[in-house]
Amino acid sequence: MVGPMRSQIVLFGSSIVQLSFDNGGWGAILANLYARKADIILRGYSGWNSRQALDVLDEVFPKDAPVQPALIIVYFGGNDSVHPHPSGLGPHVPLEEYVENMRLIANHLKSLSDHIRLIFLTSPPINEQQMLKKLRFIRATQSGRTNESCGKYAEALMELCEELNVKAINLWSAIQTRDDWLDVSFTDGVHLSAEGSKVVVKEILRVLREADWKTSLHWMSMPTEFAEDSPYYPPSPDGTTTINSCLLITYFDHRSAIVMAKEQEKGKTMVFLSGGEVTLVELAEELDVAREVQLLVVEYMEEQSKQMQHKP
């Protein structure tokens, strides 16, 4: 055990979770946003369905654990939705059983603590043509994986979560709101690309921002660890003060690393890119960075600056 103790956010699911730290994945983005605020813990198991999740539920989330997570984000359903194989083998789980499995998972997780919070993610859509081209083993063994079936399982999970009063995100619908979703959302027709992951992050942050929980788990509302000013931090451009490192946010896209910082004395947002200073407008023109990420970073820095100014 290492300290200081932070809130834990656990990502629990199949390959959409296991691969969420790859290539700009949604897990990696969350880990970046929650740096010095909460620990993002990965419990992803590629290929799994809801039956397998139930088999290990007590082991992954024991009721007698000394510390329970603050938030658990759960994803199962894509593999369950694959049509049954004639051999009886494979990941298929009938829809009614899938719903019951997810009910049992939700009830177990709720029982861990009065303070635990849950977000369930539905199956995202798939690009069937890209899948059959990229994933040869699926073409040979799982030709029954269809976007229509993913949608049915997604709808069933949303209905269950409404019944259980559990926060849920319909990824099947959210990803398809973009006109070019078939072209940009996947690496192989099934698993999410960086563009697909941005939708997941946007929806998770929306839920966290709108939730009426007693303690907010949105990253902008959580305290930053060791946030005190220090003379050892990098000097500001005019050399009159230092730039508090807790106000530095790094966002990586496919081409560049961007560090945005709040220049406290002048009270304006500065953006440092490859050693040069640019405005947000110039940044937006030069780089293909998700606008919602830009705005979140700026909003966060402004809020952090206000908190620092109000400290005695």
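Which residues do ring pairs link into a cluster? They are F12, Y45, W48, F61 and F76. Keep in mind that this is a predicted model.

## The overall picture

Let's start with the whole protein. Its secondary structure comes to twelve helices and nine strands. Of the 312 residues, 50% are buried.

What share of the contacts with a separation of 6 or more comes from residues 24 or more positions apart? For this protein the figure is 69%.

## Aromatic pairs: F12 and F61

A pair of aromatic rings is described by two things, the distance of the centres and the angle of the planes. The count of aromatic pairs here is six. One of them joins F12 and F61, with 5.1 Å centre to centre and 80 degrees between the planes. That pair is edge-to-face, because an angle over 60 degrees counts as such.

Where do the two partners sit? F12 is part of strand β1 (residues 7–13), while F61 belongs to the loop between α3 (50–60) and β3 (71–75), so their pairing ties together parts that are 49 residues apart in sequence. Both are also in the cluster with Y45, W48 and F76.

Are F12 and F61 buried or exposed? F12 is buried, its relative accessible area being 0%. F61 is buried too, at 3%. The cut-off for buried is under 20%.

## Aromatic pairs: Y98 and Y153

Next up is a tyrosine pair. Y98 and Y153 have 5.2 Å between their ring centres and 45 degrees between the planes, which makes the pair tilted. Here the link runs from helix to helix: Y98 is in α4 (residues 95–110) and Y153 is in α7 (residues 147–164), so the pair ties together parts that are 55 residues apart in sequence.

As for accessibility, Y98 has a relative value of 1% and counts as buried. Y153 comes in at 6% and counts as buried as well.

## N101 in helix α4

Helix α4 runs over residues 95–110 and holds Y98. N101 is found in helix α4 too. Its relative accessibility is 6%, so N101 counts as buried.

Which residues does N101 touch, if you leave out those up to four places away in sequence? The list is S50, R51, L54 and V93. Helix α3 spans 50–60, and S50, R51 and L54 are among the residues that N101 touches.

Note on methods. Residues numbered from 1 in each chain as written. Predicted model: local features only at pLDDT ≥ 70, side-chain atom pairs only at ≥ 80, totals over all residues. Heavy atoms only, no water. Phe/Tyr/Trp six-rings, centres within 6.5 Å; stacked < 30°, edge-to-face > 60°. Helix = DSSP H or I, 4+ residues; strand = E, 2+ residues; numbered from the N terminus. Buried < 20%, exposed > 50% of the residue type's maximum accessible area, 1.4 Å probe, protein only. Contact = heavy atoms within 4.5 Å.
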